[in-house]
Amino acid sequence: NSPQSRASDWILEECNLGAINYCSESEMLLNEQRYALAVMYFSLGGDDWNDGANLGQIRDSPAGTWLSGSNYCDWGAEVSGGTGGISYKQLVCDEFGNVLNLNLQSNNMVGEIPPEIGVLVYMTSYISFFNAQTGPIPTSLGLITQLQTFDVESNNMNGPLFQSDYVGGPNGLKNVVNWRSSLNNFDGTIPAEIGEWTKIQNLWFADNQLAGTIPTEIGNLENMGAFLFYKNQIKGTIPTEIGNMNVLTWIDMEDNEIVGTIPESFYTNLDLEEVILKSNAISGSLSPSIGDLTRVATFWASFNQISGEIPTQFGKLLNIEELELQYNRLTGTLPSEFGNMESIEFLSTEFNGITGPIPPQLFSVNLAAMRILYLNNNELTGPVPENYGTSPRLKDLWLNDNQLTGTLPIIAEGEFLFLEELLVQNNDLTGVVDESVCLIRNNTIPGGNLGVFHADCQPPEGGGAPQIQCSCCTACFV
């Protein structure tokens, strides 16, 4: 009762009905593809598919139903509302009846991809993300030399991801453009032969169990636009050859075991827009060359061991929206050039060793998009800038656990309209919280949105006045 035997029985029944003609070699090849598709149907639970199912294999079912009629090129259902709302056809053939594309995304497919997929030697695209496919990638995939897109994201597949039968060597795949295999249970390592996939543009294998290091041959992939391998167990350093990726726009290596410094060559990828380096063990300093990455919108380097001062060249990143530098070993001062990052929405430098004053430029109306500002748990000194209320859309302002002095400045009418969290506890601030701040609490009329307000307004245990007098704080600290 294997998928192969069920497909064979179905093929024999088709023969008995005269639906298949074995007269020519070309028709034999077409019949092999017909058989391979039937095996895939039975292997992947075709009777329960969302689209294209043919319970009972009724031969006179309409077009768009698998295992129906004599022409398998008509089996592919027209599916609307795919990724991005774009409609697609499940199965596409060329004019000679060779299968070119299989798109079975989100189709309730359960089971293993059978080795018979290798019969579809003309196929250029296999897409089956958001299913419940299991088992390994068949080694016969290497027979599909025209394959350009292989997308099995969000399944339950396992086994070695990069096998020698289709990566490297004279019989390996050479035309791959998109390889998306994230959110599975694949393991193994990244082989040096990956450098032979010189046409690849998207290499995604995030959230798997791959180990080993990034081979230097990765630098051969000069057409790669997106390199995503977050949530694996990749070790070692970032190879200097990564600077050869001339069109790289997105790299995400979060939550691995990468060590060493960010090579200077990394900053030569001038098309970078998304840079995710967080949650590794990266050390060394950030290069002033960061200012060359003027297209960057996201730069996450948090939860590492990065040291040194924050380069002032961050001020050149006019398109940056999210900058995460928290939980590192940064020292020095906050660059006033941060005030030039006119697109910034989220900025965090918390849990470092940053000293000096808070630049008033961080609250400039030039940073109209700023929503989150986390400067807490550093060694910042001096007063809270007088203009801190002028940040037009600020939602969270965390200044706690520093060495700030003076009193909390008053705010003018119309300022901090969107502020929800203001944390200033565990500093050296003194005095009385002005009524103008209390008026933006969310429990006043007309009030504002401030619902979390922490300050050092708790009297000391031995008695005496609190460090700050506050009539509207939501939590007080000593």
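Gly135 has Met157 in E9 as its bridge partner, and this contact belongs to the parallel pairing of strand E7 (residues 132-135) with strand E9 (residues 156-160), which are joined by two bridges. The model is a predicted one, in which local features need pLDDT of at least 70 and side-chain atom pairs count only at pLDDT 80 or more, while totals for chains, interfaces and linings use all residues. Residues are numbered from 1 along each chain as its sequence is written, and side-chain values use heavy atoms, with hydrogens and water left out.

**Two parallel sheets**

In general, the strands of a sheet pair through backbone hydrogen bonds, and the pairing is either parallel or antiparallel. E7 and E9 are part of an open sheet of four strands in the order E5-E7-E9-E11, with parallel pairing. Strand E5 (110-112) and strand E11 (185-187) stand at its edges with a single partner strand each, so one side of each has no neighbour in the sheet. From one strand to the next, the twist averages 20 degrees, where axes are lines fitted to C-alpha atoms (for helices over the stretch in contact) and angles run from 0 to 180 degrees between N-to-C directions.

Another open sheet has three strands in the order E23-E25-E27, and here too the pairing is parallel. Its edge strands, E23 and E27, each pair on one side only. Strand E23 (residues 355-356) meets strand E25 (residues 379-383) over two bridges, with Thr355 opposite Glu379 and Gly356 opposite Leu380. E25 also pairs with strand E27 (residues 403-405) over three bridges, and in this pairing Thr381 has Gln403 as its bridge partner.

**Disulfides**

A disulfide is a covalent bond between the sulfur atoms of two cysteines; here it is counted when the two sulfur atoms are within 2.5 Å. A search of the whole structure finds four disulfides, and with the bonded cysteines numbered in sequence order the pairing is 1-2, 3-6, 4-8, 5-7. The table lists some of them.

| Disulfide | S to S distance | Torsion about S-S |
|---|---|---|
| Cys73 and Cys93 | 2.2 Å | about -100 degrees |
| Cys438 and Cys472 | 2.1 Å | about -75 degrees |
| Cys457 and Cys476 | 1.9 Å | -95 degrees |

The link of Cys457 and Cys476 is left-handed, and it connects distant parts of the chain, with Cys457 in the loop between strand E30 (452-455) and E31 and Cys476 in strand E32, 19 residues apart. Is each of these two cysteines buried, exposed or partly exposed? Cys457 counts as buried at 8% relative accessibility, whereas Cys476 is partly exposed at 35%; buried means under 20% relative accessible area, exposed over 50%, and partly exposed in between (1.4 Å probe, protein chains only). Cys438 is buried at 4%, and Cys472 is buried at 8%. Cys73 and Cys93 are both buried.

**Aromatic rings**

A pair of aromatic rings is described by the distance of the centres and the angle of the planes. Rings of Phe, Tyr and Trp (its six-membered ring) count as a pair if their centres lie within 6.5 Å, with planes under 30 degrees apart called stacked, over 60 edge-to-face and the rest tilted. The whole structure contains 27 aromatic pairs. Among them, Trp10 and Trp75 are edge-to-face, at 5.7 Å centre to centre and with 70 degrees between the planes. Trp10 lies in helix H1 (residues 3-16) and Trp75 in the loop between H2 and E1, so the pair ties together parts that are 65 residues apart in sequence. Trp10 is buried at 6% relative accessible area, and Trp75 is buried at 0%.

The rings of Phe303 and Tyr327 have planes at 10 degrees and centres 4.5 Å apart, so this pair is stacked. Phe303 is partly exposed at 37%, and Tyr327 is partly exposed at 35%.

Charged side chains also meet rings: a charge sits over a ring if NZ of Lys or CZ of Arg is within 6 Å of the ring centre and within 35 degrees of the ring normal. The charged end of Arg180 sits over the ring of Trp204, 4.8 Å from its centre, and Lys278 lies over the face of Trp300, at 5.0 Å from the ring centre.

Conventions
Pairing = 2+ DSSP bridges.
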